[in-house]
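User: I would like to go through this model label by label, asking each time what value stands behind the word.

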Amino acid sequence: AVVSTQSTGEAKEWVLAVSMDQQVQQVLNTDERGCYEASLMNIHTSVTSPQCILTGYPVLRGEVVFRNSSRVANKDDWNVYVMARKVTHSVECQDVMSYLQQTTGAPSNPSYSFQ
């Protein structure tokens, strides 16, 4: 996608304003490991967590395992996806399902995970 010069200028101004604002806390969100929430590697132990196929975030607990691959998903994110797919019938959700079927052998009619 091409971004207009005006949009680029507006983005630069916003970044500059936020970086100079003393009220804005310049910290990254952390998880229960005390690491940046999207980091796959625990900076304290060097243990690498598996990556959620839906979000890219680490799977720390409550995983959905795809039997035909080594891929996993966060259980909560999986359940949100399943609900969104059933409720919206959106093209985007169908695209995600096609991708999951190709990469993991996921069933075409996914179900909730309660484990």
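User: What kind of contact joins the side chains of Arg 33 and Asp 31?

Analyst: The model is a predicted one, in which local features need pLDDT of at least 70 and side-chain atom pairs count only at pLDDT 80 or more, while totals for chains, interfaces and linings use all residues. Residues are numbered from 1 along each chain as its sequence is written, and side-chain values use heavy atoms, with hydrogens and water left out. The side chains of Arg 33 and Asp 31 are joined by a polar contact of 2.8 Å, a term for a pair of N or O atoms within 3.5 Å, where within protein one must be able to donate a hydrogen and the other to accept it, and residues adjacent in sequence count only if both atoms are side-chain atoms. A polar atom of the Arg 33 side chain also lies 2.6 Å from the backbone oxygen of Ser 39.

User: Why is Arg 33 called buried, and where does Arg 33 lie?

Analyst: Its relative accessibility is 14%, so Arg 33 counts as buried (buried is under 20% relative accessible area, exposed over 50%, partly exposed in between, with a 1.4 Å probe and protein chains only). Arg 33 is placed in the loop between helix 1 (5-20) and strand 1, where helices (H or I, at least four residues) and strands (E, at least two) are DSSP runs numbered from the N terminus. Neighbours within four places in sequence aside, the residues in contact with Arg 33 include Asn 42, Pro 58 and Leu 60 (contact means heavy atoms within 4.5 Å).

User: What makes the Phe 66 and Trp 78 pair edge-to-face?

Analyst: The ring centres are 5.4 Å apart and the planes meet at 80°, so the pair is edge-to-face: rings of Phe, Tyr and Trp (its six-membered ring) pair if their centres lie within 6.5 Å, with planes under 30 degrees apart counted as stacked, over 60 as edge-to-face and the rest as tilted. Because Phe 66 lies in the loop between strand 1 (63-65) and strand 2 (72-74) while Trp 78 lies in helix 2 (residues 75-88), the pair ties together parts that are 12 residues apart in sequence.

User: Why is the pair of Trp 78 and Tyr 81 called tilted instead?

Analyst: The angle between the planes is 45°, at 5.8 Å centre to centre, and the pair is tilted. These two residues are both in helix 2, three residues apart, which is about one turn of the helix, and Tyr 81 counts as buried at 8%. A search of the whole structure finds two aromatic pairs, and ring pairs link Phe 66, Trp 78 and Tyr 81 into a cluster.

User: How do you know that Gly 105 is only partly exposed?

Analyst: The relative accessibility of Gly 105 is 39%, so partly exposed is the label that applies. Gly 105 lies in the segment after helix 3 (91-104) and, leaving aside neighbours within four places in sequence, is in contact with Asn 68 and Leu 100.
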